[in-house]
Amino acid sequence: MISYILARSVPIFCVYSLTGTVNCSLLIVRWNGEFSLSYIVVCGVRQEGVLSPFLFNIYVDQLISDLSSMNVGCYVNKEYFGCIMYAGDLILLSPSILGLQDMLDVCCKFGADNDIIFNSRKSVCFRVGRD
């Protein structure tokens, strides 16, 4: 993620601040009024963190750019709608099965290169049209 942030010309002190915030979190769990021992979280982004959506968008921005540059997704009035993403959910839209497969291949490569695991149990393919 640091390389993505640096590519956007963010000052290095901001990068180090973000890295420290994300990588050096000390957490305590409260359950039914009881508190756990503290522990250090060394990876991930807080689900309820104010910066979490912004950091996630930076992380997946290259994937969306890669998909839109393929010219195989769906377009409406020349606007790309082949990839719709919100939080951790991703919808791929393509007018052809082959185009959809190409888009899936890009997602698989991006996931392998960037430590993203797509949950195949939550994946669905839906086709509209003739056989």
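**Figure 1. Contacts across the whole chain.** Take the contacts in this protein with a separation of 6 or more: 38% of them join residues 24 or more positions apart. Keep in mind that the model is a predicted one. There are 131 residues here, and 21% of them are buried. The accessible surface comes to about 10,400 Å², and carbon and sulfur atoms hold 60% of that area.

**Figure 2. Helices and strands in order.** What does the protein have in the way of helices and strands? The count is 4 helices and 8 strands.

**Figure 3. Looking into the largest pocket.** The largest pocket has a volume of about 1,100 Å³. Its lining takes in 33 residues. Which of them lie nearest the centre? Those are L90, I91, L92, L104 and V124. By type, the lining splits into 21 nonpolar, 8 polar and 4 charged residues.

**Figure 4. Who supplies the pocket lining.** Which element gives the most? That is α4, with 6 residues in the lining.

**Figure 5. N71, a residue with a positive phi.** N71 isn't a glycine, yet its phi is positive, at about 60°. You'll find N71 in the loop that runs between α3 and β5 (75-76). Is the N71 residue buried or exposed? With a relative accessible area of 58%, N71 is exposed, since the cut-off for that label is over 50%.

**Figure 6. D115, another non-glycine with a positive phi.** D115 has a phi of about 55°, which is positive although the residue is not a glycine. Where does D115 sit? Look in the segment after α4. D115 has a relative accessibility of 72%, so it counts as exposed. As for α4 itself, that helix is the one that gives the most residues to the lining of the largest pocket.

Technical notes
Residues numbered from 1 in each chain as written. Predicted model: local features only at pLDDT ≥ 70, side-chain atom pairs only at ≥ 80, totals over all residues. Heavy atoms only, no water. 1 Å grid on protein atoms, 1.4 Å probe; cavity = no way out; pocket = protein on both sides within 12 Å on 5 of 7 lines; lining within 4 Å. Points joined across faces, edges and corners; volume = space filled by probe spheres on them. Helix = DSSP H or I, 4+ residues; strand = E, 2+ residues; numbered from the N terminus. Nonpolar A, V, L, I, M, F, W, Y, C, P; charged D, E, K, R; others polar. Buried < 20%, exposed > 50% of the residue type's maximum accessible area, 1.4 Å probe, protein only. Contact = heavy atoms within 4.5 Å. Areas by Shrake-Rupley, 256 points an atom, 1.4 Å probe, with all protein chains shown as cover.
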